[in-house]
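Hi,

Here is the structure I said I'd pass on. Have a look first, then read my notes below.

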Amino acid sequence: MYTPQQEKDFLVTAKEFIKKESLKNEDISSVISILNYADWKYYVKDNPVLADKEYDVLFALLKKIETEKPSLILSDSPTQRVAKGLNPNFETVAHLVPMLSLDNSYNAEDLNDWHNRNVKLLSKEGLQAAPDLFGVPIPVAQPVIEYCVEPKFDGASISLVYENDKLLRGATRGNGIAGDDITTNAKQIKSIPLSANFSQEGIEQIEMRGEVVIQKEKFNAFNQSLVEQNLSPMANPRNAASGSLRMKDPNEVAKRNLDAFVYQISDVQGNVPFKTHYESLESLSKKGFRTSYEISKVFNKIEDVIKYCAEFEETRDELSYEIDGLVIKVNSFDLQEKIGMTSHHPRWAMAYKFKARQATSKLLNIEYQVGRTGSITPVAKIEPVYVGGVTISSLSLFNEDIIKEKDMRIGDTVLIERAGDVIPYVVKSFPELRDGSEQEVIFPTVCPVCNSELFKPEEEAVWRCTNINCEAQVVERIIHFASKNAMDIRGLGESNIRKFFEMGLLKDLPGVYRLPYNQIKNMEGFGEKSIEKMEEAIEKTKSQPLHRLIFGLGIRYVGETTAKNLAREISHLNELSTKTEEQLLAIEDIGTKVAQSILDFFEHDGNIALLKELEVLGLNFENHQKNKSVSGELAGKTFLFTGTLPTLGRKEAEEMAEAKGGKILSGVSTKLDYLIAGEKAGSKLEKAKKLGSVNIISEEEFIELVKV
């Protein structure tokens, strides 16, 4: 897409513009080109070339002159991705060419049958030789058909139309003939170019098919943010992508970190510069689109296609996106036209579907669990069923709204899905299979543990028990406090906490430090050595760093990263009780919801009493690193660990880096200094290699580094 010289010129010019206080009219097109180039490197090639701050400075300069002189705004300016207001509804627009479905295959026999049909169809199209002078047909070899094999992304289908090199329209698949106009939302997806140089090849208008997806890593991070806000997580990346396209607020769409892969050119007005599907993928990739060109394969034997499909299925989870199969297409556009299509699907393409990760089961019952913040989570109990490599007998239904949306009843037959490493979930129920014995689900109005009345905040989907002394909440808070990522009390796991609580040996969180060890060592299943280790682990918590205690308190919305950010800003835990909302909002990564939750925690008399008791018991309330100048080779350096380390645990390694002044990042970016790669490092390692600026080291090299 760009020559090495162009890329070099862009970066040199970018540095010059960054030093300016404002732009001139003639600078606008250059800055737009630079920013669009930077977006392409970041979102399509996963290889950032500008630091975030540098990009922001250029973007701000461009936005400033466009605000002052609106007549100078160009349609491909990156500022035009930014949404202006809400989409109250979506208009229906017709596709230039109908978006047909694909015929499916599930085994080698299906693919062989499809190939043989293609051979027959091409033979009927006159590809066989003419008869000889005596009228006897001359035997001919079967036509050689070249096939292109590419991933079948599991996301939401879209149609993109470009006219005169500019993005004219984006639309959902809809009914195949027409779909929703989602142009504004499509512009929020940074891997969809706002313009592309099609006219260079004589193309006036082009319509393409694509799939909107979300990376597994980004999906998991997004779900984690929902959980921390006590909201229901999304079921799978496909649903997250599909739902995002129809959101009314495009700014929310932008937050989802969606990607779009273009996989097919459906219509061209003007010159057609390529003869095969594979060439078209290569051309689109060079024009700045994200395609599967680099991981697609071309074969001229169906046997090789079949072998490749079987091999690819074994490694499907290594991709950073969810796929549910492969798509095999006749590579030649000329042969595609000869083979033709039905009213339902093109005859020249076939989807090879991977083995199902879905199964049906029967909903036997719904139980209700109480979390440490009082959230009531319905849990489906189903007849055990084998899905995606595991046997599932229970799964979360998240909240009451999910049960209503899916119209679930006790006794229903339900469809279960498990995609990759994503938690299993109920896709749907089958009302048509009911026999009348099914029972309607009545969500409880009182806590299933303490019988306190439940409350549902207006802005939430979750019902809550308002009694903070509810036994279930108390137990869950102790479990969280003792967990590995909080105070890390070895030997005091969930089962022991529940056992001690039921026996009356443990009644509240401070009770952890008053356990009757002499009584416990006489209980079945406990030995003197195990009790000594438990006592030693509990005593060790008194010297844990402050951020672990903050996280261990279980303040709503305060995760590990937020706890670390809070700890850095204070010298003593009690300082948090004096912080105003404004002061809290000034802390990194803390928004209004988190700030209010912290204020609420310290306004509760019971929590203040708890803190006083824990301080008297000897827990560390001080940040000993506060006001200390950090020196040494790792001061200000950033680290990220990926894969399985040979000897160190992930938390242990992170703490070693932090102890030397290092900072832990959550992902690979230009801000990362060191990536410590263990076994099965995966996508983070590949991205770091592409960046070129990250120091990729082993655990052994890291240990040597922290010794400095």
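Two strands count as paired if DSSP finds at least two bridges between them. Strands themselves are DSSP runs (E, at least two residues), as helices are (H or I, at least four), all numbered from the N terminus. Also, this is a predicted model, where local features need pLDDT of at least 70, side-chain atom pairs count only at pLDDT 80 or more, and totals for chains, interfaces and linings use all residues. Residues are numbered from 1 along each chain as its sequence is written, and side-chain values use heavy atoms, with hydrogens and water left out.

Now the sheet. Five strands make an open, antiparallel sheet, ordered β14-β13-β12-β16-β17. β14 (390–396) and β17 (425–429) sit at the edges with a single partner strand each, so one side of each has no neighbour in the sheet. Inside that order, β12 (residues 358–370) and β16 (residues 413–417) pair antiparallel over five bridges.

Next, D180, which is in strand β6 (residues 178–180). Leaving aside neighbours within four places in sequence, D180 contacts (heavy atoms within 4.5 Å) several residues, including E91, G170 and R246.

Last, R548. Is it buried or exposed? R548 is in helix α17 (residues 546–552) and has 5% relative accessibility, so it counts as buried (under 20% relative accessible area; exposed is over 50%, partly exposed in between, with a 1.4 Å probe and protein chains only). The R548 side chain reaches the backbone oxygen of K484 at 3.0 Å.

Cheers

Note on methods:
Polar contact = N/O pair within 3.5 Å; in protein donor to acceptor, adjacent residues only side chain to side chain.
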